[in-house]
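The following note sets out numbered points for a colleague's review. Please read them alongside the sequence and the model.

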Amino acid sequence: MMTRVGPAARILLLTVAGAVLPAAASVRPAAAAHRPGNEVLIGGAISMTGRYAEPAGRQVNAIKLWVDELNGRGGLLGHRIVLRLLDDKSDTQTSIKLYEKLITEDRVDLLLAPYSSGITEAVANVNERHRMPFVAYGAASSPIWEKGRRYIFNIVAVAEDYQKGAVHLAHRIGVRKAAIIGEDSLFPRQAGKGAREWARKLGIEIVVEEHYPTKQTDFSALLRKLTSAGAEAVFSNSYFADAAAQLRQMRELNINFKLYSSTIGPSLPNFPEQLGSTAEYVLGFSQWEPLPHILKHPGMKAFIEAYERRYGEKPNYHAGGAYGALQVTEAAVRRVGSFDQEKLRDALATIEVHTVFGRYRVDARGMNAHEGLTFQILQGQRRVVWPDKWAEVKPELPMPEWSRR
Amino acid sequence: MAPAEHVRNLAALAAAAVVLALLPNHLSLYLRSFLLFLMMSVVLALSWNIISGFTGYTSFGHVAFYGIGAYACAILVADYGWPWPATLVVGAATAAAVGAAIGYPVLRLRGPYFAIAMLGTAEGTRVVATVWDGLTHGGLGISLPSAETSIPTYHAMLALMVVTVVVAYAVGHSRLGIRLTAIREDEVAAEALGIDTTRYKLAAFTLSAVFPAVAGGIQAYKVLYIDPPSVFFVQITIAMALMAMLGGKGTVIGPILGAVILYTAQELTWVNFPTAHLIAYGLFIVLVARFMPRGLVGFAIDRGWLRKGMVR
Amino acid sequence: MSRADDVVLEVRDLRKAFGGVRAVDGCTFAVRRGTIAALIGPNGSGKTTTFDLITGLREPDAGVVLHRGENLVGLRPHQIFRRGITRTFQVTRVYREMTVLENMLSAAPLGVPGREARARAAALLALVDLTAFRGEYAGRLSYGQQKLLEFARALMPDPELLLLDEPAGGVNRTLLQHLLDHVHRLRAAGKTILLIEHDMTVVMAHCEWVVVMDHGATIAAGPPAAIREDPRVIEAYFGRRPAERGA
Amino acid sequence: MREEAGARGREAGELPDALVAAPGAPAARRGPGPGGWRERPDVRSLYRLAAFLAAAYALPFAVGAWAGTVRLDAAWLAGLATVVLGGVMQGGVYAMFAVGLTLIFGVMRIINAAHGEMVMMGAYLTWVAFFAFGVDPLLSLALTLPLAFLFGMAVQRLLLDAAVGAPELTGLLITFGLGLVMIYTAELLFTTDFRTIPYAPGTVVLAPGVAVGQNRVISFLMAVGISTAVYLVLRFSRLGKAVRATALNAEVALVCGIDVRRIYLLTTGLAAALAVAGGALVSIQFGFNPETGVVYTLQAFAIIVLGGRGHYVGALIGAVMLGVLEALVSLLVPNGTAMVELAAYALLIAVLLIRPGGLMGVREG
C-alpha cells in the first residue's frame, strides 16, 4: 500500500512542481517567437518606473519613433521589426534577469541598452558572456569601458566631460576657488572626478567636495558651508530635485555664487518652466540640443519635427542619444548584411556614422569621443555658450546677485 | 508529528532538491536565474519567519542582513581576491555578530517599536554602506570581476535553501519552536513558565540573520554589481514578510508556499504589463494582509484540511 | 514555627511600590514543606503582587525571599521556575493559538527528553480530563478548562512548591473538587501548595496554615481555626466596630 | 491599586521589569525606601534621554571644532544662526508630517506606512490646483483638505478598521500596499517627472547675515498654525477628549458611550488632511515626484518615536529637534550632508532604547 504522503510532503512536492511549470510555460519556442512573418525582434530593458524613469522615458520615446520609421522604410534587411521593451524598475537585479530572458529566452536579434551607469555596468557582464553587442546611450561612466569588454560601445560623452565647459567658463571669469557637490551614486561621482581633474588642470582650487544622500532635500547648511569655505563657483552633479532645491535655497538664503552648473537637472525639459526666474543664469550640460542650425548634424531637422509631432515636445539629449545609437546600429546591420553578432561587433568597432546626435567613431575601448555642449538658461531658454565653435551667444557670467534680478 | 511523518517530509525535500539540482543544465540562463531568485525568496521568507513568524517580533529591517552578506562577498571578492564561497562564511558570521549586537538591546522592545527600530537599523546600515567609502566604495557601488556565475550560484542557492528548510523544519517541529511560539502568544507567561525569553529571542533573531546574509552574498556574485540602494531596498523586507504571511507565518510550509506563489506570480505578471503590475502588487499586499492574515496554511487549518499545531 | 529544612519558602519584610502607591509594605511569612497554605486578605491587600515578587515577575524594592537558603530576589522568573517553584495566574494565561498538548510541552524542563515529556503531558492531561482536547487550540477551551490546563501545565516540571492564584475563581463545584482532590494528593506526595483564595469555605476546609494580608502587610498567620477568631483579621475584612473607630 | 490583571496580549512599550533585567545579574541595590525621585523609572529614563540628546547636539560642534569648520567670528555665527533657524523651519514641515502619523498611531496603534504617499498626494493636489486652475497653493488647501479628509475616512472604513487590534504586521502591510497603489497610480497620471511650484521665492532678513526663505517662513507659520489648531481641538473640544480617551483605552472609551469606530474615522480623516497640508508645504519648497513619499514616512517615524508615540506635543518638539540636528550635522561635520540620514536613524534607535516612551510618553510598564 503506497505509504501515505504526509500533508506537508504533498504540499512541498506541489510547490516544487508549481515552481517549474509556470516558468516552463513562459518558455515559448524561441524560434517561432519572432519569425512568423519573417520579423526581427529587437529587445531591451529600461527604467519605466523607479528613480530613473524620468530621463529613461525620453529614450523610450526615441526608440519607438525609430522602430516605426524603420518599419515605414521597409524594415531592416527586409524584415519587419518587432520591439520588446521591458521595465527594469530601476533595479540592477531585475535588469540582469530581464537581459538574460531577452537573450536566452526570447532570442532577440538586436539588443537595446538600459538606462543609468550602475545598471549598464551590471548588464555589461551578461551581454559580454553571450557575445551580443549593443551601443549604450544611457551610461556615461568610463569605468564600464575600462574593463577590456569587447561587446559594449558608447555614443554619449562620458561623465567626466559633463562639467568640462563649466570649469572652463569659471576659469575664463577668474574664479580661484570652487566647490564640487553631488549625489552619492556612480554617475555623479564620475562627473565630480572629471570636474576635479579639469579644475586642477586650470588651476582652480576645490575648497569643498561633498556627496549627499540621494533623497536629500534640504541644502541650506551645505550651501552655507560652501560660502564660509570661500567657494566662488559650484559644480553640482545633480538631477532635477536636488538642483531645484539647491537653487531655491541659494535664493532664499541670498547666497550668491559667480557660477552654478548642474549636470542633469537643467537639461530636463520642464526645469526652466517650473523654476521660473530662480533658474536664470544657471549653466547646464547637454550631450545634444535640438538646434539644427548650430550643430548642423545630418537629418536633425527631420528627426526633431517627427519627434515633436508625435510627443508634443522637442527631443532632449536623452532622446537624441538613443536615436543616434539606433542609427549606428542600423548602419552596422546594413553593412554586415545579416544579424551575425560577431560581425555586428566588428562593424560597430570600426564603422563611422554621422547621426542626428553627432559623429560616431569609437576608440579601442569602444568609447565615442562625443563632444557635448554647455548651455546657460537665459530668459527661460537654453542657449549654447560653450564650446565656442557652437556658441549661440556669449555667456552672461558671473551670475548677478539675487537682489539685482 | 510521528517520526514516520518527519521521514516522509524530509524524503520529499530530498526528492525536490535532487530534481532542482539536475535542472540547471537543461534550462536557459533566464530560467536558471528565475529558479535561483525563487529559491532565494524561499530562504528569505523562511528566515524572516524564524523570528517574526514564531516569536511574533515583526522585523521591518531584515534586509540589513541581506545587504551585509552582499557587501561581505563583494568587498572580499573584488578588493581582496577571495574565493567567493569563503566570503559567504564571513558574511554569515558578520550578520550573526551584527544580529546579536543589535538584537540584544532592540529585542527588549515590543510590537510596533521593534518594527520601527528594525526599519531604522536597516536604513542606518544602508547609510553606513553609503558613507564608508574606504570599505564599500559608497555610492559608486562595487562591481565584481566578470565570470560565468550562473551555475555555481544556482547550486549554492539550492544548498542554502535545503539547509534553511531543514533548519526551519527542525526549529518549527520541536520544543524549541513551541517555546518560540509561546513567546509570541504570551511572553510574560512564557518567562514565568521556565522559558528564558531573552536568550530564545536572541537565538532566533541571530539564526534568522544568517541565511539572508548568505543569500545576499550569492546574489552579489550572481549579479556582479551591487550598490547600497539595491541591496538595502526596503521592499525586500516587505517581500519577506508578505511571502511568509501569504503562505502562513509561524509554520514551516507556509513561507515556502508563499515564496513560490508570490515570486512566480510576480514574474509572470510583470513582464507583460509593467506599471499596472506594480499597482496590482500593491493591491495584492492589501488584500492578503486584509483578508488572509493567517495565510493559506491558516486558511487550511480553519477548514480542517490541516491539523492544528506543529507537534502531534 | 520550626526552622531550617522543613520550611520550603520564607518571605521577610517584602516591599514594592508603584510610584507613590505601596502595594506590598512589609510582608513576612513562611510555608512549611508538605503543607497546603493559603494567602488571604481583602481586595487590594497585595496578594497577587506578592506572588509576582516571589516568582520574579516584579522586583521588590526591599526584602528577601528565601528558598533552600537562597535569596530568590533578582533572579529571572525562568530561573525561579527551574528551582521548582511554579504558578498559575489570577486571569488564565494559556497560549491561545497553540494546541493543548503544545501548551503542556512548552513547560517541560530542558533536561527532559521528548518521549518522557510527552508521556508526562499525557498523564497530566488525563488527570484534568483534557486528553480529548489535546489537538485543539487552547484559546477555544472554556474558562474552566483553561484553568485546568494552566494547573496541569504548572505541574509539568514536578515542582516542589506550587503557587495557585485563585484556583476556585470561575470554576464550577465538581471541577473545583476534582482540582482540590489532586492538591491533597500532591501534599501527600510531599509537595507544598500556597494558594490565594477568596472562598473562605475552601480555605477553612483544605488549608492547614493561613497567612492574612492587609494593605500590603502580613497581619496574622496561623491555623485556620485561630485565624477565624483573630480580631485583627475580622477588622481587616469587616472594618472596626463604630465604638473603637475613634482610637 | 490595579491588581495584576494586566491587559494581556501585546502590551505597548517596554516589558515589565522582570524581562528587562540582564539575565542573572543581581538587581542593583535600590536607594533606601520606595518613592524617592531616583526610584521612579520613567523620571530616570527621562534624564538619561536628556543627557543623550545633549551629547547628540554637542557632537557636531565637537567634530566641527576638530575638523576646523568651526570659527567663532561674527559671520560664521550669523551663518550658524541661519542654519539653525533653517533647521527649525524644516522641523516645522517635519511636524506636519509627524503629527498626522502620531494621531493614527496614538489612537489605533497602527503604523501608517502610506503616510508619505498621502503627503505626496497633497503635493500633487496643490500642483494641479496651481498649474491647472491657477489657485494659490495655500488657498487651495480650502479645497484639498476636505478631499483629504474624505479620502482618510474611506481608507479607514475600507482598510484600517480590520487592522485595529490586529498584530502590527497587518496594519503595516495594508498601509504599505496602499502606499504602492498610490505611488504607481500617481506615476500613471503624472509620469515620474519632477514637479515643483515657484512660490514666494523672496527672502526674509531677520538680522544682518541671518536670512530665511520667504516660503519657508510661510510654511513654518502654516505648520505651526495648523498644528496648534488641531492641538486646541484635541485638548478642549468634546470631540478631542473623545479621541484622547480612545487613544488611552479603546475598551474603556467604548463603555463610556464613545462611538469608537466614528472616532477612528475622524482620526484617519484628520491625519490624511494633515498629511495633505504637509504635502502643500512640500510642493512650494522642494521638488517632488511619486517616489519621494518614502522619505517623509521614515522621517515621521523617527519623530513620533523621539517625541513620544501618540503624544501630539511630543511630535512637534521631536520634529523641530530632528530638523535642527540635521542642520547642525550638515553644516559642521565634514561630508556632513551624507551623515544627516545616519543622524536621524541613530537618534531613532537610541531614543527607542533609552526611553521607548520618547520625550513625553510615560514609559508604559
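1. The C-alpha centres of domain 1 and domain 2 of chain A are 31 Å apart. Domain 1 of chain A covers 30-157 + 297-360, and domain 2 covers 160-286 + 373-404; such bounds come from an automatic or database domain assignment. Each of the two domains of chain A gives 12 residues to the contact between them, where contact denotes C-beta atoms, placed from the backbone, within 7 Å. On the side of domain 1 of chain A that touches domain 2, helix 3 (53-72) and helix 5 (117-129) of chain A are the elements that give two or more residues. Helices (H or I, at least four residues) and strands (E, at least two) are DSSP runs numbered from the N terminus. That side of domain 1 has four nonpolar, six polar and two charged residues; Ala, Val, Leu, Ile, Met, Phe, Trp, Tyr, Cys and Pro count as nonpolar, Asp, Glu, Lys and Arg as charged, and the others, Gly among them, as polar.

2. On provenance and numbering: this is a predicted model, in which local features need pLDDT of at least 70 and side-chain atom pairs count only at pLDDT 80 or more, while totals for chains, interfaces and linings use all residues. Residues are numbered from 1 along each chain as its sequence is written, and chains are lettered from A and ligands numbered from 1 in the order in which they are written.

3. Chain D comprises 13 helices and two strands. Of its 365 residues, 55% count as buried, the term for a residue with 20 or more other C-beta atoms within 10 Å of its own; exposed means 12 or fewer, partly exposed in between, and C-beta atoms are placed from the backbone. Among contacts in chain D with a separation of 6 or more, 77% join residues 24 or more positions apart.

4. Chain D touches chain B through 47 of its residues, which meet 45 residues of chain B. Helix 6 of chain D gives the most to this side, with 15 residues. By class, the side of chain D that touches chain B has 35 nonpolar, four polar and eight charged residues.

5. The contact of chain D with chain A takes 35 residues from each of the two chains. Helix 3 of chain D supplies the largest share of the chain D side, six residues. The classes on that side of chain D are 13 nonpolar, 15 polar and seven charged residues.

6. The largest nonpolar core has 447 residues, and B:L242, D:A98 and D:V276 touch the most other members. A nonpolar core is a set of buried Ala, Val, Leu, Ile, Met, Phe, Trp, Tyr and Cys residues joined through C-beta atoms within 7 Å. Helix 2 (residues 29-54) of chain B gives the most to this core, with 18 residues. Beyond its neighbours within four places in sequence, D:V276 is in contact with residues including D:M118, D:L125 and D:A148.

7. How do helix 1 (residues 3-22) and helix 7 (residues 150-172) of chain B cross? Their axes come within 11 Å, at roughly 170 degrees. The axes are lines fitted to C-alpha atoms over the stretch in contact, with angles running from 0 to 180 degrees between N-to-C directions. The two helices of chain B are therefore roughly antiparallel, the class for angles over 145 degrees, with under 35 roughly parallel, 65 to 115 roughly perpendicular and the rest oblique. Their contact has eight nonpolar, one polar and no charged residues.

8. B:Q219 sits in helix 10 (residues 197-223) of chain B and is buried, with 23 C-beta neighbours inside 10 Å. Not counting residues up to four places away in sequence, B:Q219 touches A:Q93, B:M40 and B:A70.

9. Most residues other than glycine have a negative phi, and most peptide bonds are trans. The peptide bond from A:W386 to A:P387 is cis, with omega near -5 degrees, and a cis bond also joins A:L397 and A:P398, with omega about -5 degrees. A:R131, not a glycine, has a positive phi of about 50 degrees; A:R131 is partly exposed, with 13 other C-beta atoms within 10 Å. B:L224 has a positive phi near 65 degrees but is buried, with 24 other C-beta atoms within 10 Å.
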